[in-house]
Amino acid sequence: MISTIQKTRSSIIFLLFCLLYGCIVLNLFFIQIRYHAFYKNLGHKQYNVTVTQAPPRASIYDRSGVTALALNKDTVSAFILPKNLESLQTLKPFLAKHFPQAVERLKNHKNSHFMYIKRRLSDYDIKLITEANIPDIKFLNEPSRFYPIESAAQVIGVTDIDNNGLFGIEMQYNALLAGTPTTYTLERDARSGNFYFQKETKIQGKSGQPVVLTIDHNLQFLITEELKATIDQHHAKEGAALIMDPSSGDIYAMTNLPSFNPNDIEALQNQELTKNKIITEVYELGSVIKVCAALSAIEAGVVTPDELIDCENKITTYFDGRRINTVRQSVAGVIPFKEVVARSNNIGTAKVAKRLGAKIYDYYLKLGFSNKTGIGFPGEQKGFLNNPNNWSKQSIISLSYGYEISASLLQLARAFSIIANDGYSAAPRLVLTPATEMPQKKQLFKKESTDIIKEILIKNKAEENLPYRLMYKTGTANILVNGIYDPNRNIFTCAGIIEKGAYKRVIVVFIREVPKHDVYAATVAAPLLERIAKKLAIHDQIL
Amino acid sequence: MSIVSAHIIFIFLHINIYSRIIKLSYQKQKNEQLKTALEYKKQNLAQQLCALKNQALIKEFAKNSLRLEPITLKQVRKMNR
């Protein structure tokens with residue numbers, strides 16, 4: 001017989017177990033029903049990881065499509081995890097000595113999960129950190145760029161620390177080169193490491209598209225060499241040169257000196273060096289604009305090339321109450337108009353321009369001045385052309401020989417391209433791929449007018465026996481300093497055409513400020529253009 | 001009984017297929033990692049190649065080591081075929 005005490009004990013133990021099971025059932029109810037959504041999300045977060053992956057940045061090529069002008073390169077960055085530092089005693093003195101800025105940032109980011117010590121480490125920094133052997137400092141690979149052809153630095157541009165284009169082609173085509181990132185959801189557990197069970201694409205990105213420029217890397221090197229030699233010879237402040245195909249608008253070479261090393265952007269002190277001044281700066285170009293005035297006058301029919309013009313045999317004269325100066329070398333008496341242009345006489349040019357009147361403004365607009373070229377390069381300047389509504393009595397005179405008009409070297413190249421193209425319009429371009437719609441060619445000037453100008457500009461010397469026709473015009477212009485033209489600070493320009501049969505190229509060169517006085521573009525810029533023309537002839541095999 | 005056996009067989013088949021899929025997925029991911037590593041190597045080699053093609057260095061080598069001079073226009077002759 002079971003006693004009452006034993007019965008009670010059994011009942012208590014039974015109730016205890018019922019209570020325990022009740023707690024378990026209650027717990028299960030809470031986990032699986034009441035807080036079902038919470039635990040489901042928790043599990044989801046643990047197993048499902050969302051990853052956003054950016055595609056590699058595409059390369060930039062020269063016109064061959066093979067030679068890279070910009071390609072990817074990994075750089076190393078150092079980082080720490082401030083919340084999980086193990087050796088703060090060794091870390092802080094090391095950072096204070098070699099990376100003091102990181103110490104400051106660490107004070108403000110003590111509770112951060114992640115902090116960079118320095119990005120884009122140099123080889124020296126990598127060696128320093130490796131030898132220090134501090135376990136808290138870890139390395140990370142980050143994408144960056146490498147630019148093999150330094151002479152194209154101002155054209156290509158560079159990327160910033162996050163690999164976004166800062167200027168130049170890198171900036172202009174940043175979206176195309178970078179592509180768009182792809183977002184995946186990966187399913188993995190705690191022990192699968194880098195491997196996943198399932199991968200689902202949430203947002204499909206696009207890979208970066210390469211850009212092919214019109215630049216020829218060999219020509220780029222050759223003209224940069226010649227430009228550098230000229231700058232060194234004359235101790236000039238800066239210079240630029242460009243080669244363009246007038247028919248297609250392709251720019252084969254475009255260089256500015258002094259330049260900078262795009263692979264060491266941190267060492268750059270002067271941001272001026274990053275400017276592609278051929279496109280982004282405008283100048284009063286001086287006598288080289290006389291070609292435009294002459295073309296306008298011939299096109300308008302106000303002068304013929306053989307018409308005799310009285311250049312008065314003086315350095316200084318007064319015309320319409322305004323003073324006109326011309327350089328000693330260009331002084332002449334009564335000479336044909338073609339000689340006025342060839343000799344670059346200001347007096348004769350101004351007299352003919354006066355016949356044009358306000359029409360000169362329209363012809364200059366036709367030649368592309370005061371309008372962007374459509375090349376789309378970041379920072380392009382459209383220049384300035386004084387509107388006839390704002391003219392003074394001096395204006396027509398100034399405009400005839402290149403003052404009261406400011407233009408970029410690219411605009412000048414475009415104007416000369418119109419002459420080279422027998423009067424048809426020209427649209428410069430730097431990019432072959434992606435292809436852009438080129439504007440339809442329009443006849444802006446008569447072929448007869450441009451042929452006359454070409455004959456005037458011919459510079460072939462019999463003794464040289466050049467295998468091509470070389471035509472060019474020089475210009476020496478004073479620089480405006482505090483509202484006054486400084487005769488001791490000049491820019492020397494030379495723009496020309498090299499032609500043989502169907503082959504045509506426009507060359508523009510520019511040298512700024514040489515210390516020697518009484519020098520002109522004929523001795524500074526013209527020889528540079530002639531040497532570039534010879535190298536171009538050999539390179540392009542026009543013999 | 002036969003229905004139960006059939007179910008058990010199907011379950012085993014399902015597990016077998018699923019584990020094969022995981023194995024292949026694992027192999028695929030390994031290949032992807034290998035591809036990434038090779039692309040990285042290719043990038044480095046391309047960079048080295050570009051650096052070696054530096055025109056200034058080539059010119060220096062041609063001038064100093066091979067004693068070559070830049071060609072002038074007068075030296076070039078056109079041959080008529």
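Before going on, some ground rules. What you're looking at is a predicted model, where local features need pLDDT of at least 70 and side-chain atom pairs count only at pLDDT 80 or more, while totals for chains, interfaces and linings use all residues. Residues are numbered from 1 along each chain as its sequence is written, chains are lettered from A and ligands numbered from 1 in the order in which they are written, and side-chain values use heavy atoms, with hydrogens and water left out.

Back to Val211(A). You'll find it in strand S8, residues 211-213 of chain A; helices (H or I, at least four residues) and strands (E, at least two) are DSSP runs, numbered from the N terminus. What does Val211(A) touch, leaving aside residues up to four places away in sequence? Its contacts (heavy atoms within 4.5 Å) include Ile60(A), Tyr61(A), Ile169(A), Leu177(A), Val431(A) and Pro434(A). And look at Leu432(A): 221 residues separate it from Val211(A) in sequence, yet their C-alpha atoms are 7.6 Å apart.

The peptide bond joining Thr433(A) to Pro434(A) is cis, with omega about 10 degrees, and Pro434(A) sits in the loop between strand S17 (431-433) and H17 of chain A. There's another cis bond between Leu257(A) and Pro258(A), with omega about 0 degrees. That proline, Pro258(A), is in the loop between strand S10 (251-257) and helix H10 (277-280) of chain A.

Why stop at these? Most peptide bonds are trans, and most residues other than glycine have a negative phi. On the phi side, Ser344(A) is not a glycine but has a positive phi of about 65 degrees. Ser344(A) is in the loop between H12 and helix H13 (346-356) of chain A, and it's buried at 13% relative accessible area. Ser370(A) also has a positive phi, near 65 degrees. Its place is the loop between helix H14 (359-366) and strand S15 (384-385) of chain A, and at 16% relative accessibility it counts as buried.

Now, a helix with two faces. In H4 of chain A, residues 100-108, the buried ones are Ala102(A), Val103(A) and Leu106(A). Why do they share a side of H4(A)? Because they cover an arc of only 105 degrees around the axis, taking the directions from the helix axis to the C-beta atoms. On the other side of H4(A), Gln101(A), Lys107(A) and Asn108(A) are exposed. The cover over the buried residues of H4(A) includes strand S3 (68-80), helix H3 (88-98) and strand S4 (115-118) of chain A.

Next, charges. The whole structure has 37 salt bridges over all chains, where a salt bridge is a side-chain nitrogen of Lys or Arg within 4 Å of a carboxyl oxygen of Asp or Glu. In one of them, the side chains of Lys237(A) and Glu513(A) meet at 3.9 Å, N to O. Lys237(A) lies in the loop between helix H9 (217-234) and strand S9 (238-244), and Glu513(A) in the loop between strand S20 (503-512) and H18, so this pair ties together parts 276 residues apart in sequence. Lys237(A) is partly exposed at 48%, whereas Glu513(A) is buried at 13%.

Another pair is Glu499(A) and Lys454(A), at 2.9 Å, N to O. Glu499(A) belongs to strand S19 and Lys454(A) to helix H17 (residues 447-457), so parts 45 residues apart in sequence are tied together. Are these two buried or exposed? Glu499(A) is buried at 10%, and Lys454(A) is buried at 3%. Both belong to one network, joined by salt bridges that share partners, along with Asp422(A), Glu455(A), Arg469(A) and Lys504(A).

One more pair: Lys314(A) and Glu312(A) form a salt bridge at 3.7 Å, N to O. Here Lys314(A) is partly exposed at 39%, and Glu312(A) is partly exposed too, at 22%.

That's the tour, so let's open it up for discussion.

Terms used: Buried < 20%, exposed > 50% of the residue type's maximum accessible area, 1.4 Å probe, protein only.
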